[in-house]
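User: I have a model open and would like to go through it with you. Could you start with how far to trust it and then move on to the packing?

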Amino acid sequence: MPTVIGHSIAGIAAGSYFRSKPYAAGVFLLCVLCSVAPDIDSLGFRFGIPYGHWLGHRGFFHGIFFAAIAAFAASLCMLRHDLSRNERLRLFSVFLLCGLLHDILDAMTNGGLGVAFFSPFSDERFFLPFRPIEVSPLSPRRLFSARGLAVMASEFIWVVVPSLCFAVWAARRSKRKSRSD
């Protein structure tokens with residue numbers, strides 16, 4: 001898996017689509033939460049849940065179903081804002097994208113058992129055919145080792161750079177749109 005930093009950056013990039021909105025800070029925070037939420041399953045190791053169990057790492061919490069639940073919960077946090085139905089749908093879509101980006105990035109790593117995209121309906125785990133991202137160690141201590149540095153270099157190329165490119169595109173699009181309004 002990419003690190004929590006990489007997942008957060010991908011979430012922030014997705015949220016950058018809303019950067020000029022008055023509620024953008026909340027959107028960024030919720031995007032980050034949706035981006036890192038699937039890794040709550042790593043706590044299962046402390047409770048003796050095996051990796052391959054449906055509640056194990058990259059199991060249920062890495063599925064499309066959970067991403068939709070997290071996106072719905074994040075959308076509920078935005079109820080206090082007076083938003084149109086279309087704006088609410090766009091926010092839900094971005095929150096869902098953040099959760100799905102986590103799953104897709106994990107499926108692009110070169111380690112682990114794969115991602116249970118269709119959990120709870122299927123326990124089958126998948127990888128994408130293109131797997132350039134070095135799998136991150138689950139231990140924070142091991143993250144700051146030579147292996148961890150290799151992971152961060154891989155993550156920089158395959159997660160951070162594309163995220164920054166998207167954020168720049170979104171900022172330019174937003175600036176052009178505000179000038180035309």
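**Confidence and helix packing**

Analyst: This is a predicted model, and within the protein chain confidence is lowest in helix 5 (residues 140–143), at a mean of 74, and highest in helix 3, at 97.

User: And what is the mean pLDDT of the protein chain?

Analyst: The mean pLDDT of the protein chain is 89, with 95% of its residues at 70 or more.

User: OK, packing then. At what angle do helix 1 and helix 2 pack?

Analyst: Helix 1 (residues 4–15) packs with helix 2 (residues 24–36) at an angle of about 140°, and their axes are 8 Å apart. Angles over 145 degrees would count as roughly antiparallel, and helix 1 and helix 2 are therefore oblique to each other.

User: Which residues of helix 1 and helix 2 make the contact?

Analyst: On the helix 1 side the contact is made by Val 4, His 7, Ser 8, Gly 11, Ile 12 and Gly 15, while helix 2 contributes Val 27, Phe 28, Cys 31, Val 32, Ser 35 and Val 36. By class, the residues of this contact between helix 1 and helix 2 are seven nonpolar, five polar and no charged.

User: Is the crossing of helix 3 and helix 4 left-handed or right-handed?

Analyst: Helix 3 passes helix 4 in a right-handed crossing; the axes of helix 3 (residues 64–76) and helix 4 (residues 85–107) come within 8 Å and cross at roughly 145°.

User: What meets what there, in helix 3 and helix 4?

Analyst: From helix 3, Ile 64, Ala 67, Ala 68, Ala 71, Phe 72, Ala 74 and Ser 75 meet Phe 92, Phe 95, Leu 96, Gly 99, Leu 100 and Asp 103 of helix 4. The residues of this contact of helix 3 with helix 4 divide into ten nonpolar, two polar and one charged.

User: Switching to loops, where is Cys 77 found?

Analyst: Cys 77 lies in the loop between helix 3 and helix 4, and because its relative accessibility is 46%, it counts as partly exposed. The C-alpha atoms of Cys 77 and Val 27, 50 residues apart along the chain, are separated by 9.4 Å.

User: What about the backbone at Arg 58, which has a positive phi?

Analyst: Arg 58 has a phi of about 65° although it is not a glycine. Arg 58 sits in the loop between helix 2 and helix 3, and at 0% relative accessibility it counts as buried.

User: Last one: which residues does the cis peptide bond join?

Analyst: The cis peptide bond joins Ser 119 and Pro 120, with omega about 10°, and Pro 120 is in the loop between helix 4 and helix 5.

Methods
Residues are numbered from 1 along each chain as its sequence is written. This is a predicted model: local features need pLDDT of at least 70, side-chain atom pairs count only at pLDDT 80 or more; totals for chains, interfaces and linings use all residues. Side-chain values use heavy atoms; hydrogens and water are left out. Axes are lines fitted to C-alpha atoms, for helices over the stretch in contact, and angles run from 0 to 180 degrees between N-to-C directions. Helices (H or I, at least four residues) and strands (E, at least two) are DSSP runs, numbered from the N terminus. Angles under 35 degrees count as roughly parallel, over 145 as roughly antiparallel, 65 to 115 as roughly perpendicular and the rest as oblique. Contact means heavy atoms within 4.5 Å. Ala, Val, Leu, Ile, Met, Phe, Trp, Tyr, Cys and Pro count as nonpolar, Asp, Glu, Lys and Arg as charged, and the others, Gly among them, as polar. A crossing is left-handed if the near helix is turned anticlockwise from the far one by less than a right angle, and right-handed if clockwise. pLDDT is the predictor's confidence in each residue, from 0 to 100. Buried means under 20% relative accessible area, exposed over 50%, partly exposed in between (1.4 Å probe, protein chains only).
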